[in-house]
Amino acid sequence: MRHRPEQAGPRPGGRFRRLIGTRSGQLTVVVTAVALVGAGGWFAGSRMQSPADAAAAHRPPEAGPVTVAVERRSLTASVVAQGSVEFDSPRSVTLAGPVGSPDAGSGDAGAGDGVAQRVTRAPVAGAEVKEGDVLMQVSGRPVLVLRGTVPMYRTLGPGASGDDVEQLQRALIRLGFNPGSANGTYGQSDAAAVSRWYKSKGYRAMEPTVADKQQLGTLEAAVTTAQQALLEAQDPGGGSGESGDSSGESGGGSENGSGTGGTAAELRLKSARQQLDAANTALSAFRAGYGTKVPAGEVVFLPELPARLDKVSAKTGDTPSGPVATVTGSKVVVRAVVPADDAELLHKGMRARVETTGGTKADGEVVALGDDVPKDEPADDGKRQQTSDGGSDGGSAPVPVQISVPAGTLAKNADESAKVTIEVGSSKGEVLTVPLAALHTSAGGKARVEVVRGGEVVDVPVEAGISADGQVEVTPSSGAALKPGDQVVVGR
C-alpha cells in the first residue's frame, strides 16, 4: 500500500527567520548608501575652492628677466631704400627753328607760302636712334640726329663759322661724307658734303630758295648797272678817246674858267666808283652765304648716341612747338633716395642689390650720390621720386642715389619699382652678437650687457661693433667672459 508524502508545513520559527533576514538586507543597503553619499561629499568637497583660492591659483608667477641667447654669426650692415628702374640720361628734344626755309616755294620742299608746319611723321616711342638717323618729318622735311654737345641754335650755311660748324663737320666725317677738314668755317665743300648726306637719306638738301635766287639776280644786276654808270662817267663824250680822268684834269687846268665842268665830271666818276664798290660788296657778302644750308630745325645734336626714344609728345598733324620727345641712353640705372643720416654711410663704389617688384634681382654699384646724380631735363612726370623740396629742410632732405647695373640687366624692367639694399659694412667673419635691446650704457658711458648666471644677473662690460638686422656685434672687455649660449637680458 502506497503512502502519500506528507505536505511540508511551516516549521516552527521560520517566519521569524525570514523577517530577520529581510531586515538585515535593508540595513546593509542603507549603510552602503550612506557610505557612498559620504564618500561623494568628501570627494566633491576636496575639489571645491573658494573664489579667493581660485584667484590665487590663477595668479601669474612673479616676473623674471626675459633673456635671449648670445650667438656667433656674421653681420652685414646695409641701407635699404625704394627706387625705380630707369634708362639713364633723360633729355628733352626741341627743334631749334623751322625745318626747310620759311619762304621756300613748293619747288623747294620747304614750309613756304606762309603755310603752318605740321608733323608728317612722328617719332616712335621705344625706337633706337643712331647718328645720322631721321628722328621725324615736318612738312615732308627730315629732322636728323647727330652727336654733339653744342645745341643747334641757328641755320648753318656758307660763311658761318664757330663751334657748331666744327661739330657738324666732324659728324659728317664720322658718317663718311668728308667735307675736307673740320676748321669751323662752312664752305662749299661742306655744302657738297651735306647734299650727299641728305641724298643718302632720300631727301634733297636745302639749296638756295626762289627768294635767294631772286636776291642774287638783283645784286648781280646792281653790279652791272654800277659798272655801266662808271663807264659813262669815265667817257662823258661818248667816244672822244680821252678818259674821264684826262678830261677832268685838262678841264680843270683851263685858263678860261672852265674848271667847274671838270669838277662835276670828277664827282660823277667818284660817285660811280663808290656805287660799283658797294654793289660788289653786297654781291660778295650774299654769295658768301649762298648755297646749300642746314636749317636750324633740321638737325638735333645729342651728347650720347645711340639713344632711346622714351616718350613722344609730338603726333602726326601737330605743330612742332616745345619738346617733341624725350630721349634716354640705352643703359639702365636704378635711382633711389635715402635719408640724410643713411647717406652719410654711403660712398661711390659700394655694392648694392636690386630686386624689382616683379622679383627680378641684379647686383649693382653706387655710382653717384647727391648733387652728382644727373638731374632730369624734362619736368618730373610723377613716376620718379622727389628727392628734395627745395632745400627748406636743410641737411635733413632725402639724398638721391644712382645705382649702375651690368649692361643688358633689367632692360625689360624699366619703370618698375625696386628695393635697393646697399652694403655699408660687414664683420670680419663670425662674431659674438646680441640683440640691440640687450645693449645698455652705464653711467660712465661704457657699453654692457646683463647675463643670467646661476640664477643671478651680472653685468658684463663689452665693446659694441657693427649692427645689422636688430643684432649688434659685442666684444667682451678685458677680463670679462661671454660666450655663445649665454643668456643676456633683453627685458623684465
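The model is predicted: local features require pLDDT of at least 70, side-chain atom pairs count only at pLDDT 80 or more, and totals for chains, interfaces and linings use all residues. Residues are numbered from 1 along each chain as its sequence is written, and side-chain values use heavy atoms, with hydrogens and water left out.

**Overall make-up**

- The chain holds eight helices and 22 strands, where helices (H or I, at least four residues) and strands (E, at least two) are DSSP runs numbered from the N terminus.
- Of its 492 residues, 35% count as buried; buried means under 20% relative accessible area, exposed over 50%, and partly exposed in between (1.4 Å probe, protein chains only).
- The accessible surface of the chain is about 28300 Å², and 52% of this belongs to carbon and sulfur atoms; the areas come from the Shrake-Rupley method with a 1.4 Å probe, and for residues only the protein chains shown count as cover.
- Among contacts (heavy atoms within 4.5 Å) between residues at least 6 apart in sequence, 71% join residues at least 24 apart.

**Strand pairing around E19**

- Two strands are taken to pair if DSSP finds at least two bridges between them.
- Strand E19 (residues 447–453) runs antiparallel to strand E18 (residues 440–441), with two bridges joining them; Thr441 has Ala447 in E19 as its bridge partner.
- Five residues lie between the strands in the hairpin of E18 and E19, where Gly445 takes a positive phi near 85°.
- Six bridges join E19 to the antiparallel strand E20 (residues 456–468), and Val449 stands opposite Val460 in E20.
- The hairpin of E19 and E20 has two residues between the strands, and Gly454 there takes a positive phi near 55°.
- E19 is also joined by two bridges to strand E22 (residues 487–491), again in the antiparallel sense; Val452 stands opposite Gln487 in E22.

**Strand pairing around E21**

- E20 and E21 pair in the antiparallel sense over five bridges, with Ala464 opposite Val474 in E21.
- In the hairpin of E20 and E21, two residues lie between the strands and Asp469 takes a positive phi near 55°.
- Three bridges join strand E21 (residues 471–476) to strand E17 (residues 431–435), and the two run antiparallel; Thr433 stands opposite Glu473 in E21.

**Salt bridges**

- Side chains of opposite charge can pair when their charged atoms come close.
- The chain has 16 salt bridges, each defined as a side-chain nitrogen of Lys or Arg within 4 Å of a carboxyl oxygen of Asp or Glu.
- One of them links Glu298 and Arg141, whose closest N and O atoms are 2.9 Å apart. Glu298 lies in the loop between helix H7 (259–288) and strand E9 (299–302), and Arg141 in strand E8 (residues 141–147), so the pair ties together parts that are 157 residues apart in sequence.
- Glu298 is buried at a relative accessible area of 0%, and Arg141 is buried at 3% relative accessibility.
- Lys483 and Asp486 meet in a salt bridge at 3.0 Å, N to O; Asp486 is buried, with 8% relative accessibility.
- Glu450 and Arg448 form a salt bridge at 3.7 Å, N to O, and Glu450 is buried with a relative accessible area of 14%. Salt bridges that share partners join Arg448, Glu450, Asp459 and Arg492 into one network.
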